[in-house]
Every structure is written in structure tokens, then in C-alpha cells.
Amino acid sequence: MKRIIILSCLGIALFLGSTQVQAQYVTGIGIRGGKFNSGVSFKHFFDANNSTGIEGLIGRSKIGRDYGWIAKGFLVFQRPIMDSRMQAPFDIVLGAGMHGAYFKYGYYYIENGVEIPYALDVYTFGIDAMIALEYKLPFAPLSLTADCNPFFSLVNKGPEWIDFGLSLRYTFR
């Protein structure tokens with residue numbers, strides 16, 4: 001009985017907290033786990049209403065047969081989803097940016113359905129886009145983000161072109 005009361009109170013608190021206006025933050029730093037790219041994730045806003053900022057990722061990339069290192073940077077625009085029909089406590093994030101990566105070996109491209117490996121020490125650079133949903137926890141200084149990141153490598157293109165991931169960041173006011 002005690003557990004039911006505690007879980008019910010926690011559920012009510014989460015519901016009431018999630019229906020409030022989202023708390024704002026200036027900077028967030030944390031981790032991202034993705035289909036191809038995982039590592040340290042950060043976000044910083046330039047304005048007081050959290051609408052324009054930068055976001056980045058520095059970490060490991062698993063595109064190809066082996067791991068490489070990647071750095072991504074985005075200019076982001078973030079807006080709350082406020083609709084009279086749905087008061088969702090999420091922000092939508094749109095971004096555009098670029099990436100650079102290094103692979104020691106195992107990186108390849110596909111031509112006519114055939115995998116063609118690059119030589120050793122491959123560098124790749126390209127452009128990225130991002131669309132994400134972010135939720136700032138009302139009861140803790142944390143934000144959760146689910147993102148979709150289409151990308152196109154301009155130098156040494158690879159076999160993939162889209163990444164999905166989840167980020168958990170500690171937020172600073």
C-alpha cells in the first residue's frame with residue numbers, strides 16, 4: 001500500500017510538473033548515444049528566450065567497419081510546441097551545421113551496390129541538418145533530446161547518410 005501511494009504521488013508530481021511552462025537554461029552538457037555517432041554533447045544559447053544557439057558533439061563514430069573520431073557543430077533554432085489542441089511540454093529544435101571525422105581504416109563507400117574501401121587514414125567533411133524534440137525536466141536540471149541527423153559528406157563520402165540519437169544533458173542557468 002505504501003508503494004502505491006508513493007508511486008501515485010510521484011506520477012501526479014511528474015504530470016503536474018510536465019504541464020508547466022518549460023524552464024529555461026543557458027548551457028547544457030552531457031552524453032549522446034546514437035546509431036553511428038556517440039560522445040559528449042553540448043548546447044549553448046545566445047539569447048534570453050532560448051531560441052538561438054549552438055550545439056555540438058565530439059566523440060566516436062561507427063560508420064564503416066571500424067570506429068573513428070567525429071566532431072559536429074550546429075547552429076540551432078529552438079521553439080516550444082504550443083498548440084491550442086496539444087499543450088506538449090516539448091521544444092522542437094531545428095539545426096544546420098557541419099561535421100569532420102577521421103577513420104584509421106575500415107571506412108568505405110558504395111558504388112553500384114559494391115563496397116569500395118578507402119585507403120588508411122581517411123578524413124571526411126560534410127554538411128549536416130538536425131530535427132529534434134527536447135524535454136527539459138521540470139524537477140531536475142536535466143534535458144532529454146531525441147534527434148534525427150541527416151548528413152552528407154562532401155569529402156570522402158561514406159555508406160550512410162542519416163543518424164538517430166538520444167542525448168541527456170545537465171543544464172546550467
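Which residues does N149 touch, not counting residues up to four places away in sequence? I will answer that first and then go through the rest of the structure. N149 touches K72, F74, D128, A129, W161, I162 and D163, where contact means heavy atoms within 4.5 Å.

Some housekeeping. This is a predicted model, in which local features need pLDDT of at least 70, side-chain atom pairs count only at pLDDT 80 or more, and totals for chains, interfaces and linings use all residues. Residues are numbered from 1 along each chain as its sequence is written, and side-chain values use heavy atoms, with hydrogens and water left out.

Now the overall layout. The protein has 1 helix and 10 strands; these are DSSP runs numbered from the N terminus, with helices being H or I of at least four residues and strands being E of at least two. In sequence order the pattern is α-β-β-β-β-β-β-β-β-β-β. Of the 173 residues, 38% are buried. Buried means under 20% relative accessible area, exposed means over 50%, and partly exposed is in between, with a 1.4 Å probe and protein chains only. The accessible surface is about 10200 Å², and 70% of that belongs to carbon and sulfur atoms; the areas come from the Shrake-Rupley method with a 1.4 Å probe, and for residues only the protein chains shown count as cover. Among contacts with a separation of 6 or more, 55% are between residues 24 or more positions apart.

Back to N149. It sits in strand β9 and is buried, at a relative accessible area of 3%. Its side chain makes a polar contact of 2.6 Å with the side chain of K72, and another of 3.4 Å with the side chain of D128. A polar contact here is a pair of N or O atoms within 3.5 Å; within protein, one must be able to donate a hydrogen and the other to accept it, and residues adjacent in sequence count only if both atoms are side-chain atoms.

N37 is buried, with 0% relative accessibility. Leaving aside neighbours within four places in sequence, N37 is in contact with R32, L57, R60, S61, I63, I70, K72 and D163.

Most residues other than glycine have a negative phi. N112 lies between β6 (108-111) and β7 (114-117) and is exposed, at 76% relative accessible area. N156 also has a positive phi of about 55°. Its loop runs between β9 (142-155) and β10 (162-172), and N156 is partly exposed at 28%.

Next, the nonpolar cores. A nonpolar core is a set of buried Ala, Val, Leu, Ile, Met, Phe, Trp, Tyr and Cys residues joined through side-chain atoms within 4.5 Å. Which residues make up the largest one? They are F36, I63, I70, A101, F103, Y107, V122 and F151, 8 residues in all. Leaving aside neighbours within four places in sequence, F103 is in contact with S61, I63, D66, Y67, G68, D121, V122 and T124. There is a second, separate core of 5 residues, including F74, V93, M130 and A132.

Then the aromatic rings. Rings of Phe, Tyr and Trp (its six-membered ring) pair if their centres lie within 6.5 Å; planes under 30 degrees apart count as stacked, over 60 as edge-to-face and the rest as tilted. The count comes to 7 aromatic pairs. One of them is F90 with Y135, tilted, at 5.7 Å centre to centre and 55° between the planes. F90 lies in the loop between β4 (68-80) and β5 (91-103) and Y135 in strand β8 (residues 122-136), so the pair ties together parts that are 45 residues apart in sequence. F90 is partly exposed at 33%, whereas Y135 is buried at 14%. Y170 and F172 form an edge-to-face pair, at 5.0 Å and 70°. Y170 is partly exposed at 40% relative accessibility, and F172 is partly exposed at 40%. Ring pairs also link F103, Y107, Y109 and Y118 into a cluster.

Last, charges over rings. The rule is that NZ of Lys or CZ of Arg is within 6 Å of the ring centre and within 35 degrees of the ring normal. R60 lies over the face of W69, 4.6 Å from the ring centre. K62 lies over the face of Y67, 5.4 Å from the ring centre.
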